[in-house]
Amino acid sequence: MLENQSQLQGHYDAQGYFVIRNYFNDTEISALRQVVLKFHDLWKKDHAKFYQEEAFNSSLITGSQYLAFDDRVKLFNFISSKKIMAVVESVIAAKPAFMNTQLFFNPVNPAQKDFWHRDCQYDHEVEEQKKAIQETQVVHLRVPLFDERGMELVPGTHKRWDNEEEFNVRQEEKGRVSSENLSTGKEIKLAAGDLLVFSADMIHRGLYGLDRLALDILVFDPTGDFADYVDDDCLPEFSMLDKIEDPRLFTNTFDLKAIKLK
């Protein structure tokens, strides 16, 4: 599926991300967009105040609250498709597991600005963050559904700690704010059909503007202790598994959750 799988792995190991341009064709993106927009429209109605005032993303796209059985199966088949699995396994070779999906969009509130962060900062204090970037592996696979401004990343920060400028901006220390530009940031423009793969724990921010609507698939290394983070409702029902062409990404998560219960 991927001729240069080892090149992708090498780039990810060194930089913390890679982009594959035009990875999905118009038919694939159109079918995905159709399902995701059903979710998004219902979610916006259900969270009208939050959406108007502060929202910039939603999660549990694969859950049962907004999508019917068949649409969920379509999503699961996209998430575990040969194209996605080839990329996932270039980064996590042994038993990668599904964590969640997120949908990123422009905030309605014009006062909101895009901001630098590491995902681990929402669960950990500074010393634990330092540990997390050395020990754990959570990967975002971002599929933009429309052309957008993309992401800004700080290459290499999936393995190294912040320099002084990065830390003060990201943590909003010494009068700095998280929406400031960083001298180390690298912009990655994205178009519908592209695929961006990046480490959840590197320093990054989404760039607001254009028709931003991007589906993120989150996967994790089974050696990381993340099974408790997975909401049961975002996983396939057992009756769906025989309708999913390659359910390994989900059954690996089921296995990890079963181990936690023992």
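**Strands, burial and a pocket**

Student: Which residue of E6 is the bridge partner of Met151?

Tutor: That partner is Ile188. Keep in mind that this is a predicted model.

Student: What makes E5 and E6 count as paired strands?

Tutor: Two strands pair if DSSP finds at least two bridges between them. Strand E5 (residues 148-153) and E6 have 4 bridges, in the antiparallel sense, so by the cut-off of at least two they pair. Another residue to look at is Glu152, which stands opposite Glu187 in E6.

Student: How do you know that E5 pairs with E8 as well?

Tutor: Apply that cut-off of at least two bridges again. E5 and E8 are joined by 3 bridges and run antiparallel, so they too count as a pair. Met151 takes part here: in E8, its bridge partner is Gly206.

Student: What is the order of strands in this open sheet?

Tutor: The 3 strands are ordered E6-E5-E8, and their pairing is antiparallel. From one strand to the next, the twist averages 20°.

Student: Which strand runs antiparallel to E7 and is joined to it by 4 bridges?

Tutor: Strand E1 (residues 17-20) is one, and there Tyr17 has Phe198 as its bridge partner in E7. E4 also pairs with E7 in the antiparallel sense, over 4 bridges, and Leu141 stands opposite Val197 in E7.

Student: Why is Asp216 called buried?

Tutor: Its relative accessibility is 0%. The cut-off for buried is under 20%, so Asp216 counts as buried. This residue is found in strand E9 (residues 213-220).

Student: What makes the link between the side chains of Asp216 and Arg142 a polar contact?

Tutor: The limit for such a pair of N or O atoms is within 3.5 Å. The contact between these side chains is 2.7 Å, so it falls inside that limit.

Student: How do you know whether Leu249 is buried or exposed?

Tutor: Leu249, in helix H8 (residues 248-261), has a relative accessible area of 0%.

Student: What lines the largest pocket, and which residues lie nearest its centre?

Tutor: It is lined by 38 residues, with Asp119, Cys120, Tyr122, Asp123 and Ala200 nearest the centre. The pocket's volume is about 780 Å³. Strand E3 (97-105), helix H6 (126-135), strand E4 (138-144) and strand E8 (204-206) each supply at least two lining residues.

Student: How many nonpolar, polar and charged residues does that lining have?

Tutor: The lining has 18 nonpolar, 9 polar and 11 charged residues.

Note on methods: Residues are numbered from 1 along each chain as its sequence is written. This is a predicted model: local features need pLDDT of at least 70, side-chain atom pairs count only at pLDDT 80 or more; totals for chains, interfaces and linings use all residues. Side-chain values use heavy atoms; hydrogens and water are left out. On a 1 Å grid over the protein atoms alone, a cavity is a set of points where a 1.4 Å probe fits but cannot get out, and a pocket is an open set with protein on both sides within 12 Å along at least five of seven lines; lining residues have an atom within 4 Å of a point. Grid points are joined across faces, edges and corners, and a volume is the space filled by probe spheres set on the points. Ala, Val, Leu, Ile, Met, Phe, Trp, Tyr, Cys and Pro count as nonpolar, Asp, Glu, Lys and Arg as charged, and the others, Gly among them, as polar. Axes are lines fitted to C-alpha atoms, for helices over the stretch in contact, and angles run from 0 to 180 degrees between N-to-C directions. Buried means under 20% relative accessible area, exposed over 50%, partly exposed in between (1.4 Å probe, protein chains only). A polar contact is a pair of N or O atoms within 3.5 Å; within protein, one must be able to donate a hydrogen and the other to accept it, and residues adjacent in sequence count only if both atoms are side-chain atoms.
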